[in-house]
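I opened a notebook for this structure. Below are my entries, in the order I made them.

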Amino acid sequence: MLDLQKQLGRFPGTFVGTTEPASPPLSSTSPTTTAATMPVVPSVASLAPPGEASLCLEEVAPPASGTRKARVLYDYEAADSSELALLADELITVYSLPGMDPDWLIGERGNKKGKVPVTYLELLS
């Protein structure tokens with residue numbers, strides 16, 4: 001819990017909270033309790049790194065060099081339209097974009113393009 005509090009303390013001042021303690025002090029004899037309030041967290045989209053929040057895959061062109069072939073190890077169902085669904089044993093072309101999460105690559109299969117998790121791939125030379 002302390003690690004989480006430290007991590008939350010690193011975010012900019014966009015959170016709303018209270019400075020009241022989560023529980024009354026042990027020395028307090030008052031029967032009333034102090035209610036703790038949860039911080040208001042901005043949407044996940046606003047926390048995305050600058051390059052990813054506005055990533056429009058249709059407009060992304062693969063780099064002139066740096067594309068690789070990859071064999072898909074496991075079936076993967078795309079969570080949203082920015083991801084590419086994968087079938088085990090298929091070959092796709094993959095590449096990375098500057099500022100992109102290192103756990104993901106852009107995958108292309110035919111005319112379809114989307115983010116794919118690196119852990120589902122065997123990168124080929």
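Entry 1. Is E90 buried or exposed? I looked it up: E90 is buried, because its relative accessible area is 16%. Buried means under 20% relative accessible area, exposed means over 50%, and partly exposed lies in between (1.4 Å probe, protein chains only).

Before going on, I noted the ground rules. This is a predicted model, where local features need pLDDT of at least 70, side-chain atom pairs count only at pLDDT 80 or more, and totals for chains, interfaces and linings use all residues. Residues are numbered from 1 along each chain as its sequence is written, and side-chain values use heavy atoms, with hydrogens and water left out.

Entry 2. I stayed with E90. I found E90 in the loop between strand 1 and strand 2. I listed what E90 touches, not counting residues up to four places away in sequence: A70, R71, V72, A85 and R109. Contact here means heavy atoms within 4.5 Å. The side chain of E90 also makes a polar contact with the side chain of R109, at 3.0 Å. A polar contact is a pair of N or O atoms within 3.5 Å; within protein, one must be able to donate a hydrogen and the other to accept it, and residues adjacent in sequence count only if both atoms are side-chain atoms.

Entry 3. I turned to the partner. R109 sits in strand 3. R109 is partly exposed, with a relative accessible area of 26%. Leaving aside neighbours within four places in sequence, R109 is in contact with L84, A85, L86, E90 and I92. I also checked R109 against L84: they are 25 residues apart along the chain, and their C-alpha atoms are separated by 8.7 Å.

Entry 4. I looked at D89 next. D89 is also found in the loop between strand 1 and strand 2. D89 is exposed, with a relative accessible area of 58%. Its phi is near 75°, a positive value in a residue other than glycine. Most residues other than glycine have a negative phi.

Entry 5. I stepped back to the whole protein. I counted 3 helices and 5 strands. From the N terminus on, the elements run α-α-α-β-β-β-β-β. Helices (H or I, at least four residues) and strands (E, at least two) are DSSP runs, numbered from the N terminus. Buried residues make up 19% of the 125 residues. The protein exposes about 9,200 Å², and carbon and sulfur atoms supply 58% of that area. Accessible areas come from the Shrake-Rupley method with a 1.4 Å probe; for residues, only the protein chains shown count as cover. Among contacts between residues at least 6 apart in sequence, 51% join residues at least 24 apart.

Entry 6. Two strands pair if DSSP finds at least two bridges between them.

I went through the pairs. Strand 1 and strand 2 pair over 4 bridges, and A70 stands opposite I92 in strand 2. Strand 2 and strand 3 (residues 104–109) pair over 3 bridges. There, V94 stands opposite G107, and T93 stands opposite E108. Strand 3 and strand 4 pair over 6 bridges, and W104 has P117 as its bridge partner. The hairpin of strand 3 and strand 4 has 2 residues between the strands, and G110 takes a positive phi near 65° there.

Entry 7. Which residues make up the largest nonpolar core? I found 10 residues in all: A70, V72, Y76, L84, L86, I92, V94, L105, V116 and L121. Strand 1 (68–72) and strand 2 (91–95) are the elements that give two or more residues to this core. A nonpolar core is a set of buried Ala, Val, Leu, Ile, Met, Phe, Trp, Tyr and Cys residues joined through side-chain atoms within 4.5 Å. Strand 2 is mostly covered, with 4 of its 5 residues buried. I picked L86 from the core. Leaving aside neighbours within four places in sequence, L86 is in contact with residues including V72, I92, R109, V116 and L121.

Entry 8. I ended on M100, in the loop between strand 2 and strand 3. M100 is buried, with a relative accessible area of 10%.
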